[in-house]
Amino acid sequence: QKMQIFYDLCLLNIDKIDKNIITPPKGVSQLKHLILVNYFIVSLEVSSRELEVNIEEIRTYYNKPVTLEYSNKDYAIANNSLIPDAMFILARNEKKALFFLETDRGTEPIRSFANKNRSNISQKTEVYNKILINRDFLQLGEFAGFRVLFITTNSNRRNVLRNFISEASDNECFWFITENEIKDKNILTDAIWFVSGKGNRNLKAILKV
């Protein structure tokens with residue numbers, strides 16, 4: 001079913017693909033990154049069709065990218081902004097929820113000491129935390145908060161990311177999964193997500209049926 005919807009979406013958007021991708025992928029690694037982002041979007045489309053859930057908006061790093069930047073000028077890090085791989089808004093029963101997607105290929109450093117301007121997991125976590133504390137995400141709409149969904153390559157990398165972010169932040173807005181764990185699953189209602197937080201060990205679902 002996912003492959004059929006993926007095929008249908010490609011047919012619907014075949015004339016838009018080239019002009020929508022701002023920076024075409026260079027090399028195998030960037031191509032795999034692009035494929036994983038789009039595979040998640042297809043999985044989201046499949047899951048939402050099975051439920052009474054509307055995808056109100058999807059923006060990706062290659063199509064109408066969202067730049068997140070926290071506004072507190074009294075606190076500064078080397079890079080106080082980031083562009084999520086995707087941002088999407090779900091609507092159900094007159095309620096809306098905001099999500100950001102980070103696809104991790106296992107190549108991004110946890111920290112970057114040599115080049116403070118290089119994107120790294122620590123910097124991303126800090127920016128998301130500050131955006132949440134300062135409520136800067138309200139520029140995207142009226143939301144109580146948001147969730148950051150990390151998709152990574154394998155369970156070892158997933159555990160590394162989860163453990164690091166759980167130590168660095170008290171926030172439970174960071175959720176984790178691997179590529180294989182979203183296959184043949186309803187990514188919205190199946191309890192397949194690992195949540196940040198030292199006490200969180202139970203798998204959770206994004207939506208309750």
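A search of the whole structure turns up ten aromatic pairs. Rings of Phe, Tyr and Trp, the last by its six-membered ring, pair if their centres lie within 6.5 Å; planes under 30 degrees apart count as stacked, over 60 as edge-to-face, and the rest as tilted. Take Tyr61 and Tyr62: their ring centres are 5.3 Å apart and their planes stand at 85 degrees, so this pair is edge-to-face.

A word on the source. This is a predicted model, in which local features need pLDDT of at least 70 and side-chain atom pairs count only at pLDDT 80 or more, while totals for chains, interfaces and linings use all residues. Residues are numbered from 1 along each chain as its sequence is written, and side-chain values use heavy atoms, with hydrogens and water left out.

Back to the two tyrosines. For accessibility, buried means under 20% relative accessible area, exposed over 50%, and partly exposed in between, with a 1.4 Å probe and protein chains only. Tyr61 has 23% relative accessibility and therefore counts as partly exposed. Tyr62 has 12%, so Tyr62 counts as buried.

The next pair is Tyr128 with Phe146, which is tilted, at 6.1 Å centre to centre and 50 degrees between the planes. Tyr128 lies in helix H4, residues 121–134, and Phe146 in the loop between H4 and strand S6, residues 147–152, so the pair ties together parts that are 18 residues apart in sequence. Helices (H or I, at least four residues) and strands (E, at least two) are DSSP runs, numbered from the N terminus. Tyr128 and Phe146 are both buried. They also belong to one aromatic cluster, together with Phe100, Phe137, Phe150, Phe174 and Phe176.

Now the strands. Two strands pair if DSSP finds at least two bridges between them. How many bridges join strand S1, residues 54–60, to S4? There are six, and S1 and S4 run antiparallel. Within S4, Phe88 stands opposite Ile58. Six of the seven residues of S4, which spans 86–92, are buried, so S4 is largely enclosed by the rest of the structure.

S4 is also joined to strand S5, residues 95–103, by seven bridges, again antiparallel. Ala91 has Lys96 in S5 as its bridge partner. S4 and S5 form a hairpin with two residues between them, and Asn93 in the turn has a positive phi of about 50 degrees.

From S5 we go to S6: five bridges, running parallel. Leu101 is partnered by Leu149 in S6. S6 is mostly covered, with five of its six residues buried. Five bridges then join S6 to strand S7, residues 174–178, also in parallel, and Leu149 has Trp175 in S7 as its bridge partner. Between S6 and S7 the chain crosses through helix H5, residues 155–168, and this β-α-β crossover is right-handed; that is, with the strands pointing away from the viewer, the path from the first strand over the helix to the second runs clockwise.

Last, two residues. Leaving out residues up to four places away in sequence, Thr178 touches Ile151, Thr152, Thr153, Asn154, Ser155 and Arg158, where contact means heavy atoms within 4.5 Å. Arg158 in turn lies over the face of Phe194, at 3.8 Å from the ring centre. A charge sits over a ring if NZ of Lys or CZ of Arg is within 6 Å of the ring centre and within 35 degrees of the ring normal.
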